[in-house]
Amino acid sequence: MESIWGLAFIAIGLFMLVSALLKSNFIVYRLMVARSKMLWGEKVHGFYVVVGVILIILGILAALGVIW
């Protein structure tokens with residue numbers, strides 16, 4: 001079961017990372033950016049790069065059974 005959650009974390013992390021690097025116009029990413037801009041301002045894309053990398057690392061650890 002951990003591998004399923006790990007793969008889900010990796011997929012979400014990749015989505016955030018790629019969307020942030022490309023500054024995507026995908027509706028889901030635009031909604032997330034709109035909510036986060038209130039707190040992060042113009043640094044919101046950098047924030048999502050960091051969050052994406054962290055989620056990918058956590059997903060790999062979860063898929064390997066190291067955590068959870």
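A residue is called buried here when its relative accessible area is under 20%, exposed when over 50%, and partly exposed in between, using a 1.4 Å probe and protein chains only. By that rule S19, at 6% relative accessibility, counts as buried. The structure is a predicted model, in which local features need pLDDT of at least 70 and side-chain atom pairs count only at pLDDT 80 or more, while totals for chains, interfaces and linings use all residues. Residues are numbered from 1 along each chain as its sequence is written, and side-chain values use heavy atoms, with hydrogens and water left out.

**Helix α1**

- Helix α1 covers residues 2-22, 21 residues in all, and reaches 30 Å from its first C-alpha to its last, close to the 30 Å expected at 1.5 Å a residue; the expected span is 1.5 Å times one less than the number of residues.
- Helices are DSSP runs (H or I, at least four residues), numbered from the N terminus.
- The buried residues of α1 are G6, I10, G13, M16, L17, S19 and A20, and what covers them includes α2 (27-40) and α3 (44-63).
- After α1 comes K23, whose phi is positive, near 50°.

- G6, in helix α1, is buried with a relative accessible area of 0%, and leaving aside neighbours within four places in sequence, G6 is in contact (heavy atoms within 4.5 Å) with G59, A62 and A63.
- The C-alpha atoms of G6 and L61 are separated by 7.2 Å, although these residues lie 55 residues apart along the chain.
- S19, also found in helix α1, touches S24 and Y29, not counting residues up to four places away in sequence.

**The nonpolar core**

- The largest nonpolar core has seven residues, M16, A20, Y29, V33, V44, Y48 and L55; such a core is a set of buried Ala, Val, Leu, Ile, Met, Phe, Trp, Tyr and Cys residues joined through side-chain atoms within 4.5 Å.
- The elements giving two or more residues to this core are α1, α2 and α3, and α3 gives the most, with three residues.
- L55 touches F9, I10, I12, G13 and M16, when residues up to four places away in sequence are not counted.

**A nonpolar surface patch**

- F26, I27, V28 and L31 form a nonpolar patch on the surface, with about 370 Å² of accessible area together.

Notes: Patch = residues over 30% accessible without salt bridge, like charges linked within 9 Å, V, L, I, M, F, W, Y side chains within 5 Å. Areas by Shrake-Rupley, 256 points an atom, 1.4 Å probe, with all protein chains shown as cover. Salt bridge = Lys/Arg side-chain N within 4 Å of Asp/Glu carboxyl O.
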